[in-house]
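Please read it alongside the sequence and the coordinates.

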Amino acid sequence: MKTSNFHKKNYSNKKKYSSLDKIVYVVVVYCFFYSITSCSDNLKNTETSFLELTGEIQIPIDTRTSGISEFATTYLHKTSSDSIFINQQNYLCYLNRWREIQFYDLKSKNLVHQISFVSDGPNAILGNITSFNIKSLDSIYVSSFPLPFIYRVNLLGEILERIELGSFNKPIEPVSSTSRPVVLYNDHIYTGFYTTLPPTDFHSPLSTEELDGVILNIDLKSKKQELQYYLPTAYTKNNLFSRYYYNPSIGINKFNNQILISFGASDSITVTDFNNFERNYYAGSSLFDEVASLKSKQDAWDHYRLNYMYEGIVYDSYRECYYRFLTLPKKEDELKSGDLKTGRIKDISIIILDNNFQQIGETLIDPSYSNLVYFIDERGLNLYNIKKGLSDEDNLYFGIFNLSSF
C-alpha cells in the first residue's frame, strides 16, 4: 500500500450548471487548488516516489536453521574466486540462533559456508552474537551481548582480536539488530547503546551529561574509545521515553565519509563526520507528530510497542536513495498476545530520501513484511516475510520492493 500527502479522486457529474453555478464552481475550484498549492509550499518534502512489491525470494534452510533472526547483512566477494566464494557474487549473511553466521549464495540460494562459535575455550564468543561486519573474510567483527566485547574473527571462527569496551562515565550496552547495526567504516567502529535512561526518578528535561555521549566510537588503529555526539532537540523537551528511544540507528554516507544517525523520537536525521561537518535533514513521517512521553511506571517494552519509533537508515546504491524505517504502534489488546507477530513484531512504514537527503516519499508496508531482517541488492529492498516465516520452517522468504514513481 502506498501513501501520499494528497489522494487523487475521480469525479463524474452530468449536472448542467447555470452561469451563477459556474462562477461559484470556478471560485471553489480556485480556492481548493490554491489551498493545496499553499499547503504544498509549506510541506517539508514533496512525495514523488513509493516502494512497490515486485517479487519474492525463497531461500531453503535446513532443520538446524531458525526461520526467525534479528540480524542479516550482505557480503560482496571482490577478490578472486575460491572453493567457497565467487568473484563479484553477492551473499546473504544470516545470524542463526545467536551463535552461527551462515553465508547463502543469493544467485543459487544455496548455503555455501557457516561459522559456528563455541561458548568455551580460546575461541569462545561470550554471550549472544547480536551483529557482525565483514571487512574481509579474515576480519569479521562480531559484537556480543550482554558482555561488552567486540571480536575480530576469521572464516574458521578463530578469534584474532578481542576488543573490550572501555570504562565510561555511564553504563553502555551495545544491543544490535538489522535496523540498528554496529557500523564498521574507515577503520572505526560506531555503535549506539542502551544506558540507564530514562532516569528512574523521571526528572525532566535531561541533564547535559545525560544528553551527551550517545555513540561509541572505536578507532581500530589507535584502539582509542570515546563517547560522542548528543541527543537532538526532541529529547530536550519535557519528555522522557523508554530506553529503546535512546539507542540510535547508524548508517553510512559513503560519498563524503560521513555517518548517518537516526534517533527514535526525532523526525530528522543527522549527517556528520564528528569533526567539521554536521547537518540535520527532515525525514519525518506524515502519520504522526511526535512520540508520546513515557508514563510514570509504564513498562518500557509496552511504551515502545504502543508508539511510533524511527529506526534504521540505510543507503540503496542501486537506486541512489536512502530508506528510513518507522515502526508503527500496536493496539493495547495485542500486547499480551503469545503470537510473535501480533504481540511483538511491529508493522512498518518506510520513508524515502533522495541522494541529497530530500524526502521523496513514504510507503506503508504490507504487515506480512518486517524490518526484523532486510538487505539490499540489485533486485531491490528485500524485506523478510514474517508471516510465511512463522508458518514455513523450511524456507526464508523475502519480498522484493522496488522504487517507483507516481
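## Terms and basis

A polar contact is a pair of N or O atoms within 3.5 Å, where within protein one atom must be able to donate a hydrogen and the other to accept it, and where residues adjacent in sequence count only if both atoms are side-chain atoms. By that criterion, the side chains of H188 and N217 are joined by a polar contact of 2.8 Å.

This is a predicted model, in which local features need pLDDT of at least 70 and side-chain atom pairs count only at pLDDT 80 or more, whereas totals for chains, interfaces and linings use all residues. Residues are numbered from 1 along each chain as its sequence is written, and side-chain values use heavy atoms, with hydrogens and water left out.

## Overall architecture

The chain has five helices and 24 strands, these being DSSP runs numbered from the N terminus (helices H or I, at least four residues; strands E, at least two). Of the 406 residues in the chain, 52% are buried, where buried means under 20% relative accessible area, exposed over 50%, and partly exposed in between, with a 1.4 Å probe and protein chains only. Among contacts (heavy atoms within 4.5 Å) with a separation of 6 or more, 57% are between residues 24 or more positions apart.

## Selected residues and their contacts

H188 is found in strand β11 (residues 188–191), and, not counting residues up to four places away in sequence, H188 touches V183, N217, I218, D219 and L220. Two other residues, S176 and R180, are placed in the loop between β9 and β10. S176 is buried at a relative accessible area of 6%, and its side chain makes a polar contact of 3.5 Å with the side chain of S131. Beyond its neighbours within four places in sequence, S176 is in contact with T130, S131, S143 and V182.

R180 is also buried, with a relative accessible area of 9%, and the side chain of R180 reaches the backbone oxygen of N247 at 2.8 Å. Leaving aside neighbours within four places in sequence, the contacts of R180 are V175, Y244, N247, P248, S249, M309 and E311. I134, by comparison, is found in strand β6 (residues 128–136) and counts as buried at 19% relative accessibility; with the same exclusion of neighbours within four places, I134 is in contact with Y75, C93, F103, S139 and I140.

## Pocket and cavities

On a 1 Å grid over the protein atoms alone, a cavity is a set of points where a 1.4 Å probe fits but cannot get out, while a pocket is an open set with protein on both sides within 12 Å along at least five of seven lines, and lining residues have an atom within 4 Å of a point. The largest pocket has a volume of about 1400 Å³, and of the 35 residues that line this pocket, the closest to its centre are T73, T74, N133, I252 and K254. At least two lining residues come from each of β2 (72–76), β6, β10, β14 (249–253), β18 and β22 (369–377).

A search of the whole structure finds three cavities of 30 Å³ or more, and the largest cavity has a volume of about 50 Å³. Its lining consists of K170, F193, T195, L197, E210, G213, V214, L231 and Y246.

## Aromatic pairs

A search of the whole structure finds 29 aromatic pairs, a pair being rings of Phe, Tyr and Trp (its six-membered ring) with centres within 6.5 Å, where planes under 30 degrees apart count as stacked, over 60 as edge-to-face and the rest as tilted. The rings of Y281 and F357 have centres 4.9 Å apart and planes at 35°, so this pair is tilted. Y281 lies in strand β17 (residues 278–282) and F357 in the loop between β20 (348–354) and β21 (359–364), so the pair ties together parts that are 76 residues apart in sequence. Both Y281 and F357 are buried.

F288 and Y308, in turn, form a stacked pair, with 4.2 Å centre to centre and 5° between the planes. F288 is buried at a relative accessible area of 13%, whereas Y308 is partly exposed at 21%. Elsewhere, ring pairs link Y190, Y229, Y230, Y235, F241, Y245, Y246, F263 and F274 into a cluster.

Definitions and conventions. Grid points are joined across faces, edges and corners, and a volume is the space filled by probe spheres set on the points.
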